[in-house]
Amino acid sequence: MGVIVEQFPLYVQGFLQTVRICILAAVGSLILGTILAAFRVSPVPPLRAVGAAWVTVFRNTPLAVVLFAVAFGLPELGINGSYFWFGVAGLTLYTAAFVCEAVRSGINSVSAGQAEAARAMGLTFSQSLSLIVLPQAFRTVVPPLGSVIIAMIKNSAIVGAFGVGGDLFAVGVQLTSAQGYAAAGVLTGVLLGYLILTIPAGIVLARLERKLAVAR
Amino acid sequence: MTSDSGGTGTPMIRMAGVDKHFGELHVLRDIDLEVAPGQVVVVLGPSGSGKSTLCRTINRLEPVDNGVIEVDGKALPAEGKDLAKLRADVGMVFQSFNLFAHKTILENVTLAPIKVRRTGKADAEKRALELLERVGIANQRDKYPAQLSGGQQQRAAIARALAMRPKVMLFDEPTSALDPEMVNEVLDVMTGLAKEGMTMLVVTHEMGFARRAANRVIFMSDGEIVEDSTPDDFFSNPTSDRAKDFLGKILTH
Ligand SMILES: Nc1ncnc2c1ncn2[C@@H]1O[C@H](COP(=O)(O)OP(=O)(O)OP(=O)(O)O)[C@@H](O)[C@H]1O
Ligand SMILES: [Mg+2]
C-alpha cells in the first residue's frame with residue numbers, strides 16, 4: 001500500500017487525466033447522442049437512417065476496436081491528432097450511441113399528444129422537439145443516462161490501456177510493469193481513483209432524479 | 001354569422017376526392033366537403049367511422065393518399081416550414097387536451113404566439129390573459145396543467161388555440177374525456193365562439209350542442225359522408241338507414 005503514498009503525485013496526475021478524458025467525452029457524447037436521437041425520431045428518412053446506423057455500428061462494436069479504428073483510421077484519412085484526442089473521440093463516438101438510445105426512449109415516453117399539439121400550433125419539428133418533447137424526455141432519461149455515463153467513466157480505462165499517456169489506468173500499468181510495485185497495492189490506488197469518480201457521480205444522479213421527480 | 005351555407009366566395013375548408021388508408025383499412029372514402037367561413041359543422045358517426053381522421057387530415061396531422069385539401073383557398077403544403085405556417089392558422093382542440101405538461105397555463109397560451117408568430121412576450125401575455133379571462137380560468141394562470149380539472153384544462157386548451165388567432169377551429173371530441181358536470185363549461189365556451197362567427201368543425205356526441213350551435217351536421221359511416229344537412233333535418237328525418245340506426249342508439253340513452 002506504500003505505493004499510494006510514495007507515488008501520490010503520479011496518481012493525482014493520472015486521476016486528473018482521466019477526469020479530463022471523461023469530462024470531454026461526457027459533454028461530447030451527450031450533445032452528439034441527443035442530436036442522433038433527434039435524427040432517429042425526425043420525419044426525414046435519411047437522417048433516421050444515419051441515426052439507426054450509428055447506433056447499430058457503435059453499440060455492437062467493442063470499444064477497443066472503435067479506438068483502434070479511430071487511432072489508425074483517421075490518420076489514413078488525413079486527420080491527424082494526438083492519441084489523447086483520438087482516445088477522447090473514440091470514447092465519444094462510442095458512448096454517443098448509448099446516449100442516443102437512452103434519449104430516444106425518453107422521447108418515446110413523452111405522450112405523442114404533446115408533439116402533436118405542438119405541431120398543430122405551427123411549431124416546426126425542431127421547435128417541438130427542443131421546446132416541448134426533450135425538456136419532458138430528459139426527466140425520465142436521467143437514470144439511464146447516469147448508467148451510460150458511469151459506464152463511460154469505467155470505459156475510459158480502455159482508452160488509457162490504448163496508449164493515451166498518463167491516465168489513471170496507464171499509471172497503474174506503469175507502476176506495476178515498469179517500476180515493479182506489487183500489483184495489489186497499485187491497483188488499490190487505481191480502483192480508489194475510479195471510485196472517487198463513479199460513486200459521487202451516482203450520488204449526484206440520484207439527487208437530480210429526486211429533484212426532477214418533485215419538480216413539475 | 002357570415003355567409004351561411006356555401007354560396008360563392010372561397011370556402012374556409014375544401015376537401016375534394018380525399019382518400020385515406022391505414023394499411024388495408026379504407027378510413028376515408030372519396031370525401032368531398034366544403035365549409036364556408038363562419039360555418040359551424042358538427043361531425044357525427046359511430047366509433048371508427050373516420051371522424052377523427054377527417055379532422056386530422058385538415059391540418060395534415062394525417063397525410064392523405066389522394067385528393068385535394070385546401071384551407072382558405074390554399075392547398076396543404078408538404079411537411080416543412082410552409083405546412084407549419086398553415087397549421088398556425090388552424091386551431092385544434094383534442095379530446096385529451098394535450099396541454100404542455102411542463103409549462104404553466106399562461107406559458108401554454110403564450111408559447112406559440114411567441115415562437116411561431118414572433119409576438120413580443122408582453123403582448124402575448126396580455127392577449128393570453130384576455131383569453132384566459134374569457135374562458136374563465138385567469139386565476140389558474142400560474143398553475144401547471146395537472147393541477148387543473150379536466151374542464152379547466154380543456155378551456156385552457158381552447159384559449160391556447162385561440163391565441164394564434166386561427167381562421168378555423170377543429171375540435172375532436174372536446175368533451176368526451178370530461179366528467180359530466182364539466183361538459184357544459186366547455187360547450188358554453190364553444191357556443192360563444194360559434195356565435196362570434198368562428199369557422200368550426202366539431203366532432204362530438206353532444207346532440208344539444210349540435211342543435212344549439214351548428215349550422216350543419218355531417219354524418220359519417222365507414223369512412224364516407226352519408227348525410228349532410230341542417231341539425232333539424234338530420235335529427236327529425238335522417239334519410240339513410242345507417243343514420244337512423246345511429247340516432248336510435250344514441251337517443252335511447
Ligand atoms: N394511426 C392509425 N393507424 C391505424 N389505424 C388507425 C389509426 N388511427 C385510426 N385508425 C383506424 O381508422 C379507423 C377510423 O378511426 P378514427 O379515429 O378516425 O374513427 P372515429 O370516427 O374518430 O372513432 P371514435 O368515435 O372511436 O373516435 C378506425 O378503425 C381506427 O381503428
Ligand atoms: Mg375519434
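In chain B, B:V41 stands opposite B:L201 in β8(B). The model is a predicted one, in which local features need pLDDT of at least 70, side-chain atom pairs count only at pLDDT 80 or more, and totals for chains, interfaces and linings use all residues. Residues are numbered from 1 along each chain as its sequence is written, chains are lettered from A and ligands numbered from 1 in the order in which they are written, and side-chain values use heavy atoms, with hydrogens and water left out. Helices (H or I, at least four residues) and strands (E, at least two) are DSSP runs, numbered from the N terminus.

**Six-stranded sheet of chain B**

- Strand β3 (residues 40-44) and strand β8 (residues 199-203) of chain B pair in the parallel sense over 4 bridges; pairing requires that DSSP finds at least two bridges between two strands.
- These strands belong to an open sheet of 6 strands, ordered β6-β7-β8-β3-β9-β10 (chain B), with mixed pairing.
- At the edges stand β6 (90-93) and β10 (224-229) of chain B, each with a single partner strand, so one side of each has no neighbour in the sheet.
- On average, neighbouring strands of this sheet are turned by 20 degrees against each other, direction ignored. Axes are lines fitted to C-alpha atoms, for helices over the stretch in contact, and angles run from 0 to 180 degrees between N-to-C directions.
- Helix α1 (residues 51-58) of chain B packs on the sheet and touches β3, β6, β7 (168-172), β8 and β9 (216-221) of chain B, where contact means heavy atoms within 4.5 Å. The direction of α1 makes about 150 degrees with that of β7(B).
- Helix α9 (residues 241-251) of chain B also packs on the sheet, touching β3, β9 and β10 of chain B, and its direction makes about 100 degrees with that of β9(B).

**Four-stranded sheet of chain B**

- An open sheet of 4 strands runs in the order β2-β1-β4-β5 (chain B), and its pairing is antiparallel.
- Its edge strands, β2 (25-35) and β5 (74-75) of chain B, each pair on one side only.
- Strand β4 (residues 66-71) of chain B is joined to β5(B) by 2 bridges, the two running antiparallel; B:V71 stands opposite B:K74 in β5(B).

**Chain A overall**

- Chain A has 9 helices and 0 strands, and its C-alpha atoms fill a box of roughly 70 × 45 × 25 Å along the principal axes.
- An unreviewed UniProt entry carries the annotation "domain: ABC transmembrane type-1" for residues 15-205 of chain A; such annotations may be inferred rather than shown by experiment.
- Over residues 15-205 the chain is 85% helix and 0% strand, with the end C-alpha atoms 21 Å apart.

**Helix pairs of chain A**

- The axes of α2 (residues 8-41) and α7 (residues 125-161) of chain A come within 8 Å and cross at roughly 140 degrees. The two helices are therefore oblique to each other (angles under 35 degrees count as roughly parallel, over 145 as roughly antiparallel, 65 to 115 as roughly perpendicular and the rest as oblique).
- Residues of the α2(A)-α7(A) contact include A:T18, A:I21 and A:V41 of α2(A), and A:F125, A:F138 and A:V159 of α7(A).
- The contact of α2(A) with α7(A) divides into 16 nonpolar, 4 polar and no charged residues (Ala, Val, Leu, Ile, Met, Phe, Trp, Tyr, Cys and Pro count as nonpolar, Asp, Glu, Lys and Arg as charged, and the others, Gly among them, as polar).
- Helix α4 (residues 63-76) of chain A packs against α7(A) at about 45 degrees, with the axes 10 Å apart.
- A:L63, A:A64 and A:L67 of α4(A) meet A:N155, A:I158 and A:V159 of α7(A), giving 5 nonpolar, 1 polar and no charged residues.
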